[in-house]
Amino acid sequence: VGSYYHNGMYGLPQDDTKALELWHRAAEFGNVTAYFKIGCNYVNGQGVDRDMKKAEHYYELAAMGGDIDSRLLLGALEQNAGNIDRAIKHYMIGVRGGDNGSLIQIEHLSLDGRATKDDYTKALRSYQEYLNEVKSRQRDEAAAANDEYKYID
């Protein structure tokens, strides 16, 4: 519901303060995505003053809870601060969780010489392992059925 307030959806007014309140409550109940969204609001100064330290804090809480999107952003924060080794560690965790954006970041770091070819190779292998893990006959059949359903009038 916090996202509905944040975006002003389903007849609710756009209200970042209410969204933040609801995301904090959701986070207290274990919703790690809520921590990620709170962090985004601190980055963008939506409903709160822009504060990169607080954003990083909430991204870290989300990452510790398993939120993959936060790994990409933590990696970017570390990369921007010049902490390439730490950035690569965040990106690698993201890659193992299936985040293509993290894989792309490692690729870019490799291309400009700030990550090794071995780092990029490991990232590619990890991403392929993730893809193999999530692939199954049942998922393929469900995806095919979903594609067929899209074209029914």
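The accessible surface of the protein chain comes to about 9700 Å². Carbon and sulfur atoms account for 49% of that area. The values are computed from a predicted model.

The protein chain holds nine helices and zero strands. Read from the N terminus, its elements run α-α-α-α-α-α-α-α-α. The C-alpha trace spans about 50 × 45 × 25 Å along its principal axes. The chain has 153 residues, and 31% of them are buried. Contacts were also sorted by distance along the sequence. Among contacts with a separation of 6 or more, 35% link residues 24 or more positions apart.

Charge was examined next. The protein chain carries 18 positive side chains. Negative side chains number 24. The centres of the two sets lie 4 Å apart.

A nonpolar patch was found on the surface. Its members are Val1, Tyr4, Met9 and Tyr10. Together these residues have about 430 Å² of accessible area. One of them, Tyr4, is found in helix H1, which covers residues 2-7. The relative accessibility of Tyr4 is 35%. Partly exposed residues fall between the buried limit of under 20% and the exposed limit of over 50%. Tyr4 therefore counts as partly exposed.

Terms used. Residues numbered from 1 in each chain as written. Predicted model: local features only at pLDDT ≥ 70, side-chain atom pairs only at ≥ 80, totals over all residues. Heavy atoms only, no water. Helix = DSSP H or I, 4+ residues; strand = E, 2+ residues; numbered from the N terminus. Buried < 20%, exposed > 50% of the residue type's maximum accessible area, 1.4 Å probe, protein only. Contact = heavy atoms within 4.5 Å. Areas by Shrake-Rupley, 256 points an atom, 1.4 Å probe, with all protein chains shown as cover. Lys, Arg positive; Asp, Glu negative; His and termini not counted. Charge placed at Lys NZ, Arg CZ, Asp CG, Glu CD. Patch = residues over 30% accessible without salt bridge, like charges linked within 9 Å, V, L, I, M, F, W, Y side chains within 5 Å. Salt bridge = Lys/Arg side-chain N within 4 Å of Asp/Glu carboxyl O.
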